[in-house]
Amino acid sequence: MEKLSAGIIGCGNISSIYFENLRMFDVVEVTACADLDIERAKARAEEYHIPHAYTPEELLSDPSIDIVINLTIPAVHAEVAQKGLQAGKHVYGEKPFAVKKEDGKAILETARQKGLYVGNAPDTFLGGGLQTCRKLLDDGWIGKPVSASAFMMVPGHERWHPDPAFYYQEGGGPMFDMGPYYLTALAFLLGPVKRVTGSVNITYPERTITSQPRYGEKIKVETPTQINGVMDFCNGAVASIITSFDTWHHQLPHIEIYGTEGSIVVPDPNTFGGPVYLRRHDHSEWTEVPLSHGFTENSRGIGVAEMAHAILTGKEPQANSRLSYHVLEVMHGFLESSKKDQHIYMTSSCDQPDVLPTGISKQNFDAVMTREGGR
Ligand SMILES: NC(=O)c1ccc[n+]([C@@H]2O[C@H](COP(=O)([O-])OP(=O)(O)OC[C@H]3O[C@@H](n4cnc5c(N)ncnc54)[C@H](O)[C@@H]3O)[C@@H](O)[C@H]2O)c1
């Protein structure tokens, strides 16, 4: 099988799972890694037997690398993606796609001009949990989807994260941090969004770090930490979402979808597995549904492998840049709506990603993708 070569830029926390998981696919091989802090790149290269530990510039100028995997911090996602594209590489990045909409749009434009692929996390919707939910919807188990709810409410990351200030700056907050998981899952299940409405607050203008080593330091909050939104989907469904760093406790679900004939409880979209529950109008109780697809454990990186197959077969990747840009526009829409006191109509759209073939698993992924292009 033809194999593409990938280089990881950004060797921080999340990189380990990419190095680990990308070993399981035949279609892509990580041959280099880089970081602003070269010692981090060297440490990862040693740990995972990666041939080259580079500076970011060296990685970009290595002609053997086909795909740049951008695992840097959100503030530089767009800059690193642009550099990758300018160097003639395909790019797959961590979420969010970019901080500013203009930067996201510019990435789409550069990729179009250069004929290169851009894919983006989250790829959790390729996991068995969300794939099973989508199959239930496609098979008509709950009839036509009418509405949905989504909740991500926590007290804030200054309690545990060693350096949490960035969560309270532009591009942070609960919407930009966790919204991509929830909104990508909803776009996968319900399709693109037509318009959004939001009410947002900076509940606490200043927060105090209670984790180590910055215990006691104050953070000035520059982005909303309470975001209550409504989305009207192009398919007619209406969804409510709350993302919050201002909530101590709650008993609300991650995501639920309500249809004309029943309801589905969707698992945490920041994970790949279940449980998935279904209750039709004529059921007396909820039933846990066996998962119809594999990749139910932490499979971060499957989006990269899927994109590599898409490059080789000339198809659009599932975790593609139009989807990520649409999600970015929705997230900004909630903030804009609140500021302007009006509904915000989306200027972008995306295709609803296809459901993967049932029974897909680690063991058969490359073979199925090569045979069917995964569709
Ligand atoms: N940590 C998690 O649990 C987690 C989970 C899901 C997604 N993510 C996403 O993954 C991305 C990275 O998160 P993380 O937790 O690994 O962050 P991190 O701070 O641990 O690592 C980021 C790395 O990028 C490097 N870097 C920063 N700017 C760079 C540049 N211009 N060129 C090259 N290297 C650069 C830093 O030196 C650092 O090693 C973020 O977008 C985050 O949203 C993180």
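The model is predicted, so local features need pLDDT of at least 70 and side-chain atom pairs count only at pLDDT 80 or more, while totals for chains, interfaces and linings use all residues. Residues are numbered from 1 along each chain as its sequence is written, and side-chain values use heavy atoms, with hydrogens and water left out.

## The parallel sheet

Let us start with the sheet of six strands. Its order is β3-β2-β1-β4-β5-β6, it is open, and the pairing is parallel. The names come from DSSP runs numbered from the N terminus: helices are H or I runs of at least four residues, and strands are E runs of at least two. Two strands pair if DSSP finds at least two bridges between them. At the edges sit β3 (52-54) and β6 (118-120), each pairing on one side only. From one strand to the next, the twist averages 25°. Axes here are lines fitted to C-alpha atoms, for helices over the stretch in contact, and angles run from 0 to 180 degrees between N-to-C directions.

Strand β5 (residues 90-93) joins β6 in the parallel sense over three bridges, and G93 stands opposite N120 in β6. Helix α4 (residues 77-86) packs on this sheet, touching β1 (4-9), β4 (67-70), β5 and β6, and its direction makes about 175° with that of β4. Contact means heavy atoms within 4.5 Å.

## The mixed sheet

Next comes a sheet of nine strands. This open sheet has the order β16-β15-β14-β13-β7-β12-β11-β8-β17, with mixed pairing. Its edge strands are β16 (287-288) and β17 (344-345), and each pairs on one side only. β7 and strand β12 (residues 238-244) pair in the parallel sense over seven bridges, and A148 has A239 in β12 as its bridge partner.

Helix α6 (residues 128-138) lies across β7, β13 (255-259) and β14 (262-266), running at about 170° to β14. Helix α9 (residues 321-340) packs on the sheet and touches β8 (193-201), β11 (226-233), β12 and β17; its direction makes about 50° with that of β8.

M152 is a residue of strand β7 (residues 145-153). With a relative accessible area of 7%, M152 is buried; buried means under 20% relative accessible area, exposed over 50%, and partly exposed in between (1.4 Å probe, protein chains only). Leaving aside neighbours within four places in sequence, the contacts of M152 include P174, M178, Y182 and F245.

## Helix α7

Helix α7 (residues 173-190) has 18 residues and reaches 25 Å from its first C-alpha to its last, close to the 26 Å expected at 1.5 Å a residue. That expected span is 1.5 Å times one less than the number of residues. A kink of about 60° lies at G179, shortly before the proline P180; the bend at a residue is the angle between axes fitted to the seven residues ending there and the seven starting there. After α7 comes G191, whose phi is positive, near 95°.

## Salt bridges

The structure holds 22 salt bridges, each being a side-chain nitrogen of Lys or Arg within 4 Å of a carboxyl oxygen of Asp or Glu. Here are some of them.

| Pair | N to O distance |
|---|---|
| E20 and R23 | 3.4 Å |
| R40 and D37 | 3.6 Å |
| D177 and K95 | 3.3 Å |

D177 lies in helix α7 and K95 in the loop between β5 and α5 (101-114), so the pair ties together parts that are 82 residues apart in sequence. Both D177 and K95 are buried. Salt bridges that share partners also join E158, R159, R207 and D246 into one network.

Are E20 and R23 buried, exposed or partly exposed? E20 is partly exposed, at a relative accessible area of 38%, and R23 is partly exposed at 49%.

Another cis peptide bond joins G274 and P275, with omega about 5°, and P275 lies in the loop between β14 and β15 (277-280).

H49, a residue other than glycine, has a positive phi near 55° and is exposed at 67% relative accessibility. F295 also has a positive phi, about 60°, although it is not a glycine; F295 is buried at 2% relative accessibility.
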